[in-house]
Amino acid sequence: MECEMASGSRPNPLAVGRVIGDVLDPFESTIPLLVTYGNRTVTNGGELKPSQVANQPQVIIGVNDPTALYTLVLVDPDAPSPSYPSFREYLHWMVTDIPATNAASFGNEVVSYEKPRPNLGIHRFVFVLLHQQCRQRVYAPGWRQNFNTREFIEFYNLGSPVAAVFFNCQRETGSGGRTFR
């Protein structure tokens, strides 16, 4: 007997990559989110090298609503290592008050971009886009490690995420260490 999948029912890459569960509760993406590092577009589960993500990415919110504002966070739920994520979640970037008509560079950078530098294992780096109810003051946490996206969402009354995308990143071979010829 053959089983058929309902058309269009593919596994959610955020669930497969354990972003839903480790970082976020289940949600439906409602807005296109485009994140690019140079000419490389971030795709769910795609791999980027630390050298490719050294500079702040370009982020485009795919909706044109002059009244809407968004918050963007970038976290690493695998810090310092996937097998022992004692710093889960490490906050790499936070931008608030992003107008829907522009890129994230037009928002208020609350926590400056810190380039990913994974040392052990493959790390997931998760961009989460949240819809703000209004312009509001958001305070930078006292430290980057042990940031909690769920608690942040609840504290600032941001509701469910409207989009998220993640990439995988690991230490590049040949960065340090001995080479043999």
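User: Is strand S6 mostly covered or mostly open, and how many of its residues are buried?

Analyst: This is a predicted model, where local features need pLDDT of at least 70, side-chain atom pairs count only at pLDDT 80 or more, and totals for chains, interfaces and linings use all residues. Residues are numbered from 1 along each chain as its sequence is written, and side-chain values use heavy atoms, leaving out hydrogens and water. Strands here are DSSP runs of E, at least two residues long, numbered from the N terminus, while buried means under 20% relative accessible area (1.4 Å probe, protein chains only). S6 covers residues 90–99 and is mostly covered, with the buried count at 10 of 10.

User: Which residue of S6 stands opposite Leu-74?

Analyst: Two strands count as paired if DSSP finds at least two bridges between them. S5 (residues 69–76) and S6 run antiparallel, joined by seven bridges. Val-75 has Leu-91 of S6 as its bridge partner, and opposite Leu-74 you'll find Trp-93.

User: In S7, what is the bridge partner of Thr-96?

Analyst: S7 spans residues 108–111 and pairs with S6 in the antiparallel sense, over three bridges. Within S7, the partner of Thr-96 is Asn-108.

User: Which strands stand at the edges of the six-strand sheet?

Analyst: That open sheet has mixed pairing and runs in the order S3-S9-S8-S5-S6-S7. Two of its strands have a single partner strand each, so one side of each lacks a neighbour in the sheet: these are S3 (46–47) and S7.

User: And in the three-strand sheet, which residue of S4 stands opposite Leu-33?

Analyst: This open sheet is antiparallel, in the order S2-S1-S4. S2 (40–41) and S4 (58–61) are at the edges, each with a single partner strand, so one side of each has no neighbour in the sheet. S1 (residues 33–37) pairs with S4 over four bridges, antiparallel, and facing Leu-33 is Ile-61.

Terms used: Buried means under 20% relative accessible area, exposed over 50%, partly exposed in between (1.4 Å probe, protein chains only).
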